[in-house]
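Here's a quick tour of a protein model, written for someone new to reading structures. Have a look at the picture first, then work through the points below.

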Amino acid sequence: MGQAIAEVCADRDDVSVVDDQCDVFVDFSAPDGLRDHLHLALELKKPIVIGTTGLDAGHQQMIEDAARHIAVLQAANMSLGVNLLAHVVRQTAERLGTDWDIEIVEMHHRHKVDAPSGTALLLGRSAAEGRGVELDLVSDRARDGMTGPRTEGNIGFAALRGGSVAGDHQVIFASEGERIELGHRAESRTIFARGAVEAAIWIADKPVGRYSMNDVLGLK
């Protein structure tokens with residue numbers, strides 16, 4: 001992702017990647033590196049865009065604490081298309097009842113280490129928010145053997161891994177006799193880099209606080 005962001009910046013004349021004196025930090029590292037990067041952003045009083053996934057509750061608390069002192073934009077997926085999809089998923093879930101089952105299917109390259117993907121969880125949270133429930137209370141991530149019938153209102157996840165897939169996500173709303181399928185296919189990691197650059201430009205002059213890609217897109 002760092003290389004992809006550098007390539008996107010190289011094609012623009014309004015942004016550049018620098019080692020120091022930056023206006024915005026962009027973090028696409030790993031959970032273990034987030035603490036140091038947040039500390040540096042806080043020390044220099046600079047905004048930070050966080051695209052790192054696989055974070056636990058401790059990391060999320062660090063982000064919350066940092067957002068009290070600097071502008072922080074966090075997104076599990078920086079793609080403008082994915083974030084628009086999340087908005088549509090939220091609206092769809094809000095308008096359909098729990099007799100519509102929700103299943104989220106994602107596929108990534110063989111080297112991805114976390115599952116479900118951060119983007120799948122983003123879409124799951126969007127669906128749960130649309131229904132006014134907490135995702136942790138309705139998430140169904142493991143099916144094997146005699147699982148019994150599907151629990152009404154649950155949001156199911158399936159994670160596929162293989163090859164060099166950059167990222168495929170599909171949200172399925174299924175009811176008796178009909179099905180709605182909303183999806184996004186990433187053909188290149190460049191889309192995430194472009195979104196991250198747009199997010200960095202957007203947040204550069206924003207006041208202290210917590211932001212998301214919805215803010216960048218002007219979505220409510």
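Which residues make a nonpolar surface patch of about 280 Å²? The patch is made by Leu80, Leu84, Val88 and Leu217. Before going on, keep in mind that this is a predicted model, where local features need pLDDT of at least 70, side-chain atom pairs count only at pLDDT 80 or more, and totals for chains, interfaces and linings use all residues. Residues are numbered from 1 along each chain as its sequence is written, and side-chain values use heavy atoms, with hydrogens and water left out.

**The patch on the surface**

- Patches are made of residues with over 30% relative accessible area and no salt bridge; like charges are joined within 9 Å, and nonpolar side chains (Val, Leu, Ile, Met, Phe, Trp, Tyr) within 5 Å.
- Accessible areas come from the Shrake-Rupley method with a 1.4 Å probe, and for residues only the protein chains shown count as cover.
- Helix α4 gives the largest share of the nonpolar patch, three residues. Helices (H or I, at least four residues) and strands (E, at least two) are DSSP runs, numbered from the N terminus.
- Leu217 sits in helix α8 (residues 213–217), and it counts as partly exposed because its relative accessibility is 31%. Here, buried means under 20% relative accessible area, exposed over 50%, and partly exposed in between (1.4 Å probe, protein chains only).

- In helix α1 (residues 2–10), the buried residues are Ala4, Ile5, Val8 and Cys9. They share one side of α1, because they cover an arc of only 135° around the axis; the arc is that of the directions from the helix axis to the C-beta atoms.
- Here's the handy background: an α-helix has 3.6 residues a turn, so residues three or four places apart point the same way.
- On the face of α1 turned away from its buried side you'll find the exposed residues Gly2, Gln3, Glu7 and Ala10.
- The cover over the buried residues of α1 includes β1 (25–27) and α7 (190–203).

**The nonpolar cores**

- The largest nonpolar core has 21 residues, and Val89, Ile155 and Phe173 have the most contacts inside it. A nonpolar core is a set of buried Ala, Val, Leu, Ile, Met, Phe, Trp, Tyr and Cys residues joined through side-chain atoms within 4.5 Å.
- α5 (118–131) is one of the elements that supply at least two residues of this core, and the largest share, six residues, comes from α5.
- Apart from this core lies another, of 19 residues, among them Leu73, Met78, Ala200 and Val216.

**Salt bridges**

- The count comes to 15 salt bridges, each a side-chain nitrogen of Lys or Arg within 4 Å of a carboxyl oxygen of Asp or Glu.
- Asp101 pairs with Arg150, with their closest N and O atoms 3.4 Å apart. This pair links distant parts of the chain, 49 residues apart: Asp101 is in strand β4, and Arg150 is in the loop between β5 (139–140) and β6.
- Asp140 and Arg143 also meet in a salt bridge (3.4 Å, N to O). Asp140 is buried, with a relative accessible area of 17%, while Arg143 counts as partly exposed at 42% relative accessibility.
- A network of salt bridges links Asp101, Glu103, Asp140, Arg143 and Arg150.

Note on methods:
Contact = heavy atoms within 4.5 Å.
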